[in-house]
Amino acid sequence: MKLSLAPLQGFTDLVFRRAFAKYIGGIDQFYTPFLVLQNGGDLKSSHRREIDPRVEENLVPQFIGNSLKEFVFFRDHLIDLGYTKMNWNLGCPFPMLVKKKKGSGLLPFPNLIEEVLSEGLDDRINLSVKMRIGHDSIDELEPVLTVLNKFKISEIIVHPRLGIQQYKGEVDLDAFDKVVSLSKHPVVYNGDICSLEDYQQLLERFPNLKQMMIGRGLLKDLFLARRIKGEDTLTASERYDLLEKVHGEIFNSYSSYLSGDTQILSKLKPIWEYFSSNFNNEKKVYKGIKKAGSINKYNAAVAFAFQQGAKDIEIL
Ligand SMILES: Cc1cc2nc3c(=O)[nH]c(=O)nc-3n(C[C@H](O)[C@H](O)[C@H](O)COP(=O)(O)O)c2cc1C
């Protein structure tokens, strides 16, 4: 099984991806959180840093947009930087973007998707799409797949919820089944894989899947991908050491280019929404981190987290 890390804006940036790949691993392919073309026709500096220079071999840059101009900008820019793959976000449910017909907001308009692909697709770079099963209704699914089937697309990554659901409710595995049967492209499953059991149940239902993508579940248990691959033979104390190294690397990376406690903490503290689940006593750990108003207090809260120890997850 090929495993990829889902892009999570604010969590899986270059700093996180490099620390994770260096110390933990188990992931075959990484994606940037979505990049946007600004009105001035360029990338924000934080977005540029994600892809330029190209330092990660197995990185797929993802962009969000709904126009040929945006598509062509990313296509040509990524080719110039040496990338061979790019991903189009047709899944983001944030209302501000949806209103502009971006992310899952583009799913009700398959004709727009078709226009962009007819003009913009180019053999020099492989395109994949990441999508929901519709924005407002499951009725949007088939027309979108019919359009995508007309084009050369390397894979379709599907998070089987509607955009309007955001992250609520159950994933719709019947809808995912429909994608598998209607799409002529390889289909990748994404959504709510939080344990080895979740993975095994999905594989039982969809035995032909070749690739899955994991997001929040991996941040809550950094060793999940290794465990799925049968590569987690670590003791709790070895896990503890690796978590310490990953955190240390993330801390040092942000401290090297951001200045002042506020800026650094604005990057570090949110990570713990998920990272705290790697530790015993996770609620208390997260509470301590959230309260920290200075780097000194943050370091004390981190020391408390490590005193609790890494969760000793049973290996099946
Ligand atoms: C905080 C947050 C940020 C996200 N940012 C992105 C993004 O930039 N691009 C994208 O395609 N999906 C984004 N997603 C969606 C995830 O990639 C993924 O599809 C979703 O979380 C379901 O997978 P999971 O249950 O394994 O996390 C984001 C999700 C969350 C919770």
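# Reading a ligand site and its surrounding helices

Guide: A backbone N or O atom of Pro7 lies 2.7 Å from an oxygen atom of the ligand. The model is predicted, so local features need pLDDT of at least 70 and side-chain atom pairs pLDDT 80 or more, while totals for chains, interfaces and linings use all residues. Residues are numbered from 1 along each chain as its sequence is written, and side-chain values use heavy atoms, without hydrogens or water.

Visitor: Which residues around the ligand come nearest?

Guide: A residue is near a molecule or strand if one of its heavy atoms lies within 4 Å of it. Of the 19 residues around the ligand, the nearest are Pro7, Gln62, Asn190, Asp192 and Arg216.

Visitor: What distance separates an oxygen atom of the ligand from an N or O atom in the side chain of Gln62?

Guide: A polar contact is a pair of N or O atoms within 3.5 Å; within protein, one must be able to donate a hydrogen and the other to accept it, and residues adjacent in sequence count only if both atoms are side-chain atoms. For the side chain of Gln62 the distance is 2.7 Å. The side chain of Asn89 also places an N or O atom 3.2 Å from an oxygen atom of the ligand.

Visitor: At what angle do H5 and H6 pack?

Guide: Two packed helices are described by the angle between their axes and the distance between the axes. Axes are lines fitted to C-alpha atoms, for helices over the stretch in contact, with angles from 0 to 180 degrees between N-to-C directions. Helices (H or I, at least four residues) and strands (E, at least two) are DSSP runs, numbered from the N terminus. Helix H5 (residues 110-120) packs against helix H6 (residues 141-148) at about 15°, with the axes 9 Å apart. H5 is therefore roughly parallel to H6 (under 35 degrees; over 145 is roughly antiparallel, 65 to 115 roughly perpendicular, the rest oblique). The contact (heavy atoms within 4.5 Å) joins Pro110, Ile113, Glu114 and Leu117 of H5 to Pro143, Val144, Val147 and Leu148 of H6.

Visitor: Is the crossing of H12 and H14 left-handed or right-handed?

Guide: A crossing is left-handed if the near helix is turned anticlockwise from the far one by less than a right angle, and right-handed if clockwise. The crossing of H12 and H14 is left-handed, whereas H5 passes H6 in a right-handed crossing. The axes of H12 (residues 261-275) and H14 (residues 295-308) come within 10 Å and cross at roughly 25°.

Visitor: Which residues in H1 meet those in H11?

Guide: In H1 they are Val15, Phe16, Ala19, Lys22 and Tyr23. Their partners in H11 include Leu242, Glu249 and Tyr257. The axes of H1 (residues 14-23) and H11 (residues 236-257) come within 9 Å and cross at roughly 150°, and the crossing is right-handed.

Visitor: Which residues does a cis peptide bond join?

Guide: Most residues other than glycine have a negative phi, and most peptide bonds are trans. Here a cis peptide bond joins Asp52 and Pro53, with omega about 5°. Pro53 sits in the loop between helix H2 (45-51) and strand E3 (59-60). Lys101, not a glycine, has a positive phi of about 60°; Lys101 belongs to the loop between helix H4 (95-99) and H5.
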